[in-house]
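Trainee: I would like to go through this model with you, beginning with the ligand site. Can we take it one question at a time?

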Amino acid sequence: MAVLVTGGAGYIGSHMVWELLDHGEDVVVLDRLSTGFDWAVAEPARLVVGDIADQKLVEETIERCSIDAIIHFAGSIIVPESVADPLGYYLNNTVKSRALIESAVRTGVRHFIFSSTAAVYGTPQANPVSEEEPLKPESPYGTSKLMTELMLRDTAAAHDFAYTALRYFNVCGADPKLRTGQSTKGATHLIKVACETATGKRPQMEVFGDDYPTRDGTCVRDYIHVSDLVNAHYLALERLRAGGGSLMANCGYGRGYSVLDVIDTVKRVSGTDFAVKRSARRPGDAVSIVASAERCVSKLGWKPQHDDLEEIVSHALRWEEKLARRNRL
Ligand code: UFG
């Protein structure tokens, strides 16, 4: 039996591949390499270059490689981009996921793990946000992911099929052994941007809005180390294989840091006092969003190992330095 990881050449997917290999799993990656990199796919995982909606390719791969579970990361992830190109997001994240789910059902793959997002909640009424919070996405990105969750729910009701949808909060950091990390070009995520600035790849960075109703006026997020996140997926895989039913769960630590907390930590850990410009609010940003992590802990037995902002930043910085050396070669 093998696990098919879609988007396995990307940031989170490449960490998932290592997590599976570390547990002795046989891994096949399906990635069209639009934002991912073939070098990010760890050996001995097999890389199939192609689209998740190419049903002939997907179904042949599932049969040829004896796939028993799919972990689905492939998709588009930038909120403002989704506002500008909603139909592109509904195609990549919803329509293509539908094709992939159909291929799973047709070939008898019964276990499916889906990369969902805290964006399904929009701006929550209160923090921490539990899975029972009303689902009110505020961007096509969030809606495109929510629609896929709903397709999975209905598919599980109609077929011999169970899924886990994990709603990610702010994923960051890098593999502690630096075997992989976030290599995305033109990344917009706070910790990546701050680490790029600290290592001299950017002359300065911006704080988008310092007049929010928070402790220091900047937005608050729940930053989760990518290695803890992929471990939650591995636990979800074990649970599904053991006959656990469908589940959706938040993936965050249940505590928040402001944008300024993050920037101060990056400055301290890197020992660099880089330039930070105060700018206007970024459209679509929620003021504060922090996970309730109880379900992930109680249902999956999740025990986070890296819930420490300095450690997260230190891994992200070390990866940034490694990437810079690699790109100079
Ligand atoms: N920020 C800055 N400067 C930057 C980058 C970000 O001030 O250069 C701020 C943002 O305005 C925001 C915070 O840092 O207040 C976090 O922004 P990110 O872009 O890192 O992440 P988001 O919270 O916007 O998005 C993340 C995921 C989405 C997910 C969302 C759900 O990337 O996929 O959380 O809350 F939908």
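Trainee: By class, how many residues of the shell around the ligand are nonpolar, polar and charged?

Mentor: This is a predicted model. The shell around the ligand holds 20 residues, and the closest include Ala119 and His189. By class, the counts are four charged, four polar and twelve nonpolar.

Trainee: Which element gives the largest share of the shell around the ligand?

Mentor: Two elements contribute two or more residues to the shell: helix H6 (190-198) and strand S8 (204-208). The largest share is four residues, and the element that gives them is S8.

Trainee: Turning to helix H1, is it largely enclosed or largely open?

Mentor: Helix H1 spans residues 11-22, twelve residues in total. Ten of the twelve are buried, among them Tyr11, Trp18 and Glu19. Because ten of its twelve residues are buried, H1 is largely enclosed by the rest of the structure.

Trainee: Which helix do the buried residues of H1 pack against?

Mentor: Their partners include several strands, such as S1 (2-6), S2 (27-31) and S4 (67-72). The list also holds a helix, residues 226-241, which is H7.

Trainee: Which residue with a positive phi follows H1?

Mentor: The phi in question is near 75°. The residue that follows H1 with this positive phi is Gly24.

Conventions. Residues are numbered from 1 along each chain as its sequence is written. This is a predicted model: local features need pLDDT of at least 70, side-chain atom pairs count only at pLDDT 80 or more; totals for chains, interfaces and linings use all residues. A residue is near a molecule or strand if its C-beta atom, placed from the backbone, lies within 6 Å of it. Ala, Val, Leu, Ile, Met, Phe, Trp, Tyr, Cys and Pro count as nonpolar, Asp, Glu, Lys and Arg as charged, and the others, Gly among them, as polar. The expected span of a helix is 1.5 Å times one less than its number of residues. A residue is buried if 20 or more other C-beta atoms lie within 10 Å of its own, exposed if 12 or fewer, and partly exposed in between; C-beta atoms are placed from the backbone. Two residues are in contact if their C-beta atoms, placed from the backbone, lie within 7 Å.
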